[in-house]
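Let's take a friendly walk through one part of this model, strand by strand. Here it is.

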Amino acid sequence: MAELDVTFLDVGQGDGTWIACPDGTKILVDLGSKKNGEIAGSGAIEYIRQQLAGSTVINYLFLTHGDGDHYNLLPELYVAIPGLTITNVCIGGLRNDYSQWVKDNVFTPATTFTEFADCDKDAIDSPRWTFGDVKIYLLSANVPTKEAGYKNEKSLVLMVEYAGRKLVLTGDAEMQSEDKIVNTNYNSVAGQAFLKSFALKLGHHGSENATTDFWLNALQAGAYFASGDQKWGHPYCSVYVRIINARFVRVVPEFKHGYVCGEYLPVEKDYNWININNLFYIFSNLYVVTLSPPVTILPAVDDGEDIGMVPNVEPGWAASGSHYGYAVKDNGEIMISHSENLEGNPPNTGWFTP
Ligand SMILES: [Zn+2]
């Protein structure tokens, strides 16, 4: 049965998402890492090389915005895959927000290169890209303008739809973009219905300035992903609390795993790390989870655990990252997978009917 496979790559403090469409189209959304690139990065590139299975063509590259942690692994990708061709390139922000290397070696050779207008977005019935039965909508780009403002908010916010299920990828978009999407771009009964999604990649690596209550309530996503590391507190515990309080996150009884979140301690001027065992359907690239299929998604409930009371840290947890996969069959079933096969561990997968 045809599947759409989306893999959140383990790039540490950065971002990278690999999308393999049922019609064979290969899409990369960002590929960069900062701070703990020594922990992650090469595994992500090897994963892409393996997924290409001898091909040297990536059909689409979306660079959400011009921060290095979203594109600075591209030179390494070109080294790992000699003759690599990236056919179509779409960027948030301005061409000049990016490095000279990327402009010369990725943007200029591309068959198509697309920048977007100020506050660009798609109509609810008009995806900008269609690959077989996969639709990709542009929910937001270049807020407030391509020229002015804060790079993060210029991020492309993409919605990937397949078999009636939707996944939202946010780059480093924060509350200004979330507000624009919910309260301007899709502020109608039909627009609000359109935004309902199964899964959300947290904006700005799970920063406190993204993932507002109104954004969570608009999307009502059941599964959440984050990409970050321990250096800057991403993803923040305060964001996890917002997600849990929003009550849309799925609870999976047999699906016991831990998650790691961070907080900033103003007095110590340092970060604190909290490693929590819980049943919630939240994934980040910071730690290893174990899935035990088959599992059943139940309506979200409060399991009574107080996130603030959980004691601190498991040493060394950041030494092993993970890839997370999200797949949708054309009958609408969802799979969340954890693929540790690059580190020698077997992948775990489970199918869910939302
Ligand atoms: Zn970033």
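## About the model

This is a predicted model, in which local features need pLDDT of at least 70, side-chain atom pairs count only at pLDDT 80 or more, and totals for chains, interfaces and linings use all residues. Residues are numbered from 1 along each chain as its sequence is written.

## Strand β10 and its partners

In β10, Leu-169 is the bridge partner of Leu-158. (Strands are DSSP runs of E, at least two residues, and helices are runs of H or I, at least four, numbered from the N terminus; two strands pair if DSSP finds at least two bridges between them.) The two strands form a hairpin with two residues between them, and Ala-163 in the turn has a positive phi of about 50°.

β10 also runs parallel to β11 (residues 199-201), joined to it by two bridges. Here Val-168 has Leu-200 of β11 as its bridge partner.

## An enclosed strand

Five of the five residues of β10 (165-169) are buried, so the strand is largely enclosed by the rest of the structure. Buried means that 20 or more other C-beta atoms, placed from the backbone, lie within 10 Å of the residue's own; exposed means 12 or fewer, and partly exposed is in between. In a regular strand the side chains alternate between the two faces of the sheet. Arg-165, Leu-167 and Leu-169 are buried on one side, and Lys-166 and Val-168 on the other.

## Contacts of Leu-158

Leu-158 touches residues including Phe-62, Ile-136 and Leu-169, where contact means C-beta atoms, placed from the backbone, within 7 Å.

Conventions: Two residues are in contact if their C-beta atoms, placed from the backbone, lie within 7 Å. Lists of a residue's contacts leave out its neighbours within four places in sequence.
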